[in-house]
Amino acid sequence: MKKLFHWLGIERRTEYVDEYFTIANFRSSIYMSIVIIVLELWMLVSLCYRWFTGDDSRTIMWYFEHLVWYLVFLFTAIVMIRISVRYLKKRGNRRLGKLWGTIVMIFFSGIAVYFGISISYSDYIKGEQILCFAMMMIFVVGLLNWRPIVSIGFTGAIFLFFYIMMYRAPEVEMSYATEVNFFTFWISVVMLSLAVYHQRLAEAEKDERLEFLSVTDELTGIHNMHYFRETAAEAIKAIPDKEYILLFMDISNFKAYNEKHGFDEGNVLLRSVAGEISECFSNSIYARVSDDHFAVLTENAGAKEKIEKLQKYVAENHPNTRLKLKVGSYIPTDPNEDIAVACDHARYACSMIKKIYEKDYNEYDKKLDDEFRLKQYVVNHIDEAVEKGYIEVYYQPVVYAKDKSICNFEALARWNDPVYGLLNPGQFIAALEEYRLIHKLDRKVLEIVCRDINSHMGVMNKDVPVSVNFSRLDFELMDVADEMDILMTRYKVNKEYLYVEITESALADGEGVVRAATSLIKDKGIQLWLDDFGAGYSSLNMLKEFSFDVLKIDMAFLRNFNSNAKSKPIINSIVQMAELMGMRTLVEGVETSEQAQYLTSIGCEKLQGYFFGKPKPLSAYVQEEVL
């Protein structure tokens, strides 16, 4: 029964499919109307020609009747075109336009059928073919898409009516062949209408599916960012006086949840959060951005309460893993503001609290706006900074613990910008890493260091090497070993003058890529240092898997040096462990004489920190005759 209903078109169609058929019918009506207008104009010219040439084979009443029908048909076709064009261009009231269009379409079809029957009956009684009727039926049924049940009933009634007319025609006796051909023609028209309908239905359902996928997130079932950007922008422009707030949401610790419960459970979590968002913000615009990130545009009034309800749901419904919902917000001030930029503002506000456990909500304010603009400036101007020499290198001394003499320098990047002035690394490195542009900076720093070694440090009585820092992304975005070869050869830098520093977090995030590159660097005889040991992962397994020449202990161990009794034994243990493993040690962040004395006493070889000197440009050391 279900298949029969589908075949007859009795089944319930979606709003999208109904609209698809309506648009298709209006387009077909335009084509039909143009053909009819041309035909009727030709018929009117022919009628006038016969009248003015004195053709008296027809009565005046015949001329008048045909003139009226031609004009009515012509006028109806013109009205049909006007209504169809207005509807397709989405002008005026769509519902009213659809109603009037349907009425005119039915009237138009009725006139076409009447015209076909009238002309063909006249031809039939003269012994001619009923071609006009055939053409009009194909027009009405072939171009306009009615439900099959309607087409069958409509064509059946018309064919039966015309069959009775021909059967009763006094002048002509209907032959058996004519009856068979007439019935066969009706079957053909019905099959044509069925074929056209189901082909159009398949196209509509396919388009609906594609439309659904284009605006829907497959995993969660809520809208995606394509839909969000378009709809949110329209909503803000539609009611410019309403105060909207844009929210960016991030499920904190979601990675740990995935690792503990598996990706399938992680997907269940995302769907449940999406469902809760759709419930809390049912009258708002919301979407999944990507991964565990969501976006919402809602009215500012009452938004805080909804956010708190959502945060409570995330925290309390998944007690086995410490999940928190971090939310960044931004209030658009201009209805014409780019919604993508507004989303970036909310995202930036959220990112600022991602690692602050006790803070779950952050508003985008003037301070964040200044930081955000600087970040965008950095990303957009890194190429210019590299090309025009805005990137500079400052050198911080590293000293031997025993005699406090300089043993090497660490190269630290600075950006001397014509707009923002001197920028420190904290103002541009994170942004360049986020946008995967950090290799542009680090390659330039490496080149400056090689040039400086060649022009100044190479003429000293003793060697004072320079250590250069590399990000994990550098190893993905460029061939670090190859770049070092090129620049060291160009500036004639000996391998003893250059050290490579890599953070332990870089090794943890990209062990495979970094391992291959560091092996090449070690094979060239260049020292490899592990930077920031103890700042993050502190995986002892890395010390086993990688071969480091120097272990650089993070300054975090020197914080609260005097008040925390655990600091000294921890540092002492690390120094002793490094010595046993054949690595030299360097502690950074030394700021007091007491710290320096203790580190020297436990056997730490090298020290670095403001106590021995702040980072300065090379020219400052030359003037002080340090080199």
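Predicted model: local features only at pLDDT ≥ 70, side-chain atom pairs only at ≥ 80, totals over all residues.
Mentor: Five strands make up an open sheet with mixed pairing, ordered β2-β3-β1-β4-β5. Strands are DSSP runs of E, at least two residues, numbered from the N terminus, and two of them pair if DSSP finds at least two bridges between them.

Trainee: Which strands stand at the edges?

Mentor: β2 (285–290) and β5 (361–363); each has a single partner strand, so one side of each lacks a neighbour in the sheet. From one strand to the next, the twist averages 20 degrees; axes are lines fitted to C-alpha atoms, for helices over the stretch in contact, and angles run from 0 to 180 degrees between N-to-C directions.

Trainee: In which sense do β2 and β3 pair?

Mentor: Antiparallel, over five bridges, with β3 covering residues 293–299. S290 has H293 in β3 as its bridge partner.

Trainee: And which helix packs on the sheet?

Mentor: α11 (residues 303–316), touching β1 (244–252), β3, β4 (324–330) and β5. Its direction makes about 160 degrees with that of β4. Helices are DSSP runs of H or I, at least four residues, and contact means heavy atoms within 4.5 Å.

Trainee: New topic: which residues line the largest cavity?

Mentor: I236, P332, D334, P335, E337, D338, I339 and A342.

Key: Residues numbered from 1 in each chain as written. Heavy atoms only, no water. 1 Å grid on protein atoms, 1.4 Å probe; cavity = no way out; pocket = protein on both sides within 12 Å on 5 of 7 lines; lining within 4 Å.
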